[in-house]
Amino acid sequence: MKSENRYSNGPLNGVFTNGLFLEGARWDKADKFLAESLPKVLFSPAPTMHWVPYRKADIPQYPHYKCPVYKTSDRRGVLATTGHSSNFVCFINMPSDQPESHWVERGVAMLTLLDD
């Protein structure tokens with residue numbers, strides 16, 4: 001996760017992404033962890049992320065929540081042969097100082113777009 005929202009130059013390795021939204025949690029820029037949502041705030045911007053290719057054996061290990069990413073807030077779609085919904089995009093490991101069950105109980109997910 002990156003500290004800035006925008007970068008004028010791309011990384012030497014990988015790619016920066018931004019524009020996702022967190023539902024049920026927020027990103028704490030100071031601590032660089034998932035945090036509880038602020039009162040009456042349903043959605044918050046996800047941090048800019050630096051995606052770097054790794055061999056599976058070299059993936060860094062850190063405490064995280066395996067956050068599902070969905071195309072829409074419906075979180076449903078046609079079930080594909082992979083067992084995932086057509087609305088499901090991927091999982092993103094979000095750094096967290098809470099156990100994964102904490103965020104699962106809150107239904108935390110990322111969305112690619114918000115409803116009108």
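**A loop side chain and its neighbourhood**

Modeller: Start with the contact itself: a polar atom of the Asn 87 side chain sits 2.9 Å from the backbone nitrogen of Thr 72 (a polar contact is a pair of N or O atoms within 3.5 Å; within protein, one must be able to donate a hydrogen and the other to accept it, and residues adjacent in sequence count only if both atoms are side-chain atoms). Bear in mind that this is a predicted model, where local features need pLDDT of at least 70, side-chain atom pairs count only at pLDDT 80 or more, and totals for chains, interfaces and linings use all residues. Residues are numbered from 1 along each chain as its sequence is written, and side-chain values use heavy atoms, leaving out hydrogens and water.

Asn 87 belongs to the loop between β7 (64-70) and β8 (88-95); strands are DSSP runs (E, at least two residues), numbered from the N terminus. With a relative accessible area of 5%, Asn 87 is buried (under 20%; exposed is over 50%, partly exposed in between, with a 1.4 Å probe and protein chains only).

Now the core. The largest nonpolar core has 15 residues, and Leu 22, Leu 34 and Met 110 have the most contacts inside it (such a core is a set of buried Ala, Val, Leu, Ile, Met, Phe, Trp, Tyr and Cys residues joined through side-chain atoms within 4.5 Å). β7 and β8 each supply at least two residues of this core, and β7 gives the most, with three. Leaving aside residues up to four places away in sequence, Leu 34 touches, among others, Leu 22, Tyr 65, Met 94 and Trp 103 (contact means heavy atoms within 4.5 Å).

Notes
Helices (H or I, at least four residues) and strands (E, at least two) are DSSP runs, numbered from the N terminus.
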